[in-house]
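The sequence and the structure come first.

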Amino acid sequence: MNIKKNDTVIVLSGKSKGKKGKVLTAMPKENKLLVEGVNVATCPVKARKQNETSGIIKREIPIRADKVQLYCSTCKKGVRVGFKLDGDKKVRVCKKCGKEI
């Protein structure tokens, strides 16, 4: 999986198509991502203690990694990821413009 935590991604398909967001959590074993403001569901919450309130909250649900693409700020769109060696370090680059991500 080429996408990591704190990357900016754009959604390619689904009800949140076209939305941009920051990756909060990457789950490579399940091939899923938790993206800020994307795939939001309403969940009922019951009060567990006396001073807590119950109600309906909105929270992000994990989205499959193949439904998002890394967002390049230079190209202003979703791009594929390439790799290049910078000294002894492997860095990710945009396939369109070649800029380091």
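Which residue in β2 is the bridge partner of Val-9? The bridge partner of Val-9 in β2 is Gly-21. The model is a predicted one, in which local features need pLDDT of at least 70 and side-chain atom pairs count only at pLDDT 80 or more, while totals for chains, interfaces and linings use all residues. Residues are numbered from 1 along each chain as its sequence is written, and side-chain values use heavy atoms, with hydrogens and water left out.

**Strands and sheet**

The protein chain has 0 helices and 10 strands. Helices (H or I, at least four residues) and strands (E, at least two) are DSSP runs, numbered from the N terminus. Along the sequence the pattern reads β-β-β-β-β-β-β-β-β-β. The radius of gyration, taken over C-alpha atoms, is 17 Å for the protein chain, well over the 13 Å that the globule rule gives for 101 residues, so the chain is more spread out than a compact globule. That rule is 2.2 Å times the number of residues to the power 0.38. Along the principal axes, the C-alpha atoms of the protein chain fill a box of roughly 60 × 30 × 20 Å.

An open sheet is formed by 6 strands in the order β6-β3-β2-β1-β7-β8, with antiparallel pairing. β6 (63–64) and β8 (77–79) stand at the edges with a single partner strand each, so one side of each is left without a neighbour in the sheet. Two strands pair if DSSP finds at least two bridges between them. Strands of a sheet pair through backbone hydrogen bonds, either parallel or antiparallel.

Strand β1 (residues 8–11) is joined to strand β2 (residues 20–27) by 3 bridges, and the two run antiparallel. β1 also pairs with strand β7 (residues 68–72) in the antiparallel sense, over 3 bridges. In that pairing, Ile-10 stands opposite Gln-69 in β7. Strand β3 (residues 32–35) runs antiparallel to β6, and 2 bridges join them. Opposite Leu-33 stands Ile-63 in β6.

**Surface, contacts and charge**

Of the 101 residues, 27% count as buried. Buried means under 20% relative accessible area, exposed over 50%, and partly exposed in between (1.4 Å probe, protein chains only). The protein chain exposes about 7,300 Å², of which carbon and sulfur atoms supply 47%; accessible areas come from the Shrake-Rupley method with a 1.4 Å probe, and for residues only the protein chains shown count as cover. Contact means heavy atoms within 4.5 Å. Among contacts between residues at least 6 apart in sequence, 36% join residues at least 24 apart.

There are 26 positive and 9 negative side chains, and the centres of the two sets lie 6 Å apart. Lys and Arg count as positive and Asp and Glu as negative, with His and the chain ends not counted. The place of a charge is taken as NZ of Lys, CZ of Arg, CG of Asp or CD of Glu.

**Single residues**

| Residue | Relative accessible area | Class |
|---|---|---|
| Ser-16 | 8% | buried |
| Asn-39 | 19% | buried |
| Pro-62 | 31% | partly exposed |
| Phe-83 | 44% | partly exposed |
| Lys-76 | 58% | exposed |

Ser-16 lies in the loop between β1 and β2. Not counting residues up to four places away in sequence, Ser-16 touches Val-11, Val-38 and Asn-39. Asn-39 is placed in the loop between β3 and β4 (40–45), and has a positive phi of about 55° although it is not a glycine.

Pro-62 also has Asn-39 among its contacts, along with Met-27, Lys-32, Leu-33 and Leu-34, leaving aside neighbours within four places in sequence. Pro-62 is in the loop between β5 (55–60) and β6.

Lys-76 lies in the loop between β7 and β8. Lys-76 has a positive phi of about 60°, although it is not a glycine.

Phe-83 belongs to strand β9 (residues 81–86). Leaving aside neighbours within four places in sequence, Phe-83 is in contact with Asn-2, Lys-90, Val-91, Arg-92 and Val-93. Phe-83 and Cys-94 are 11 residues apart in sequence and 8.5 Å apart in space, C-alpha to C-alpha.
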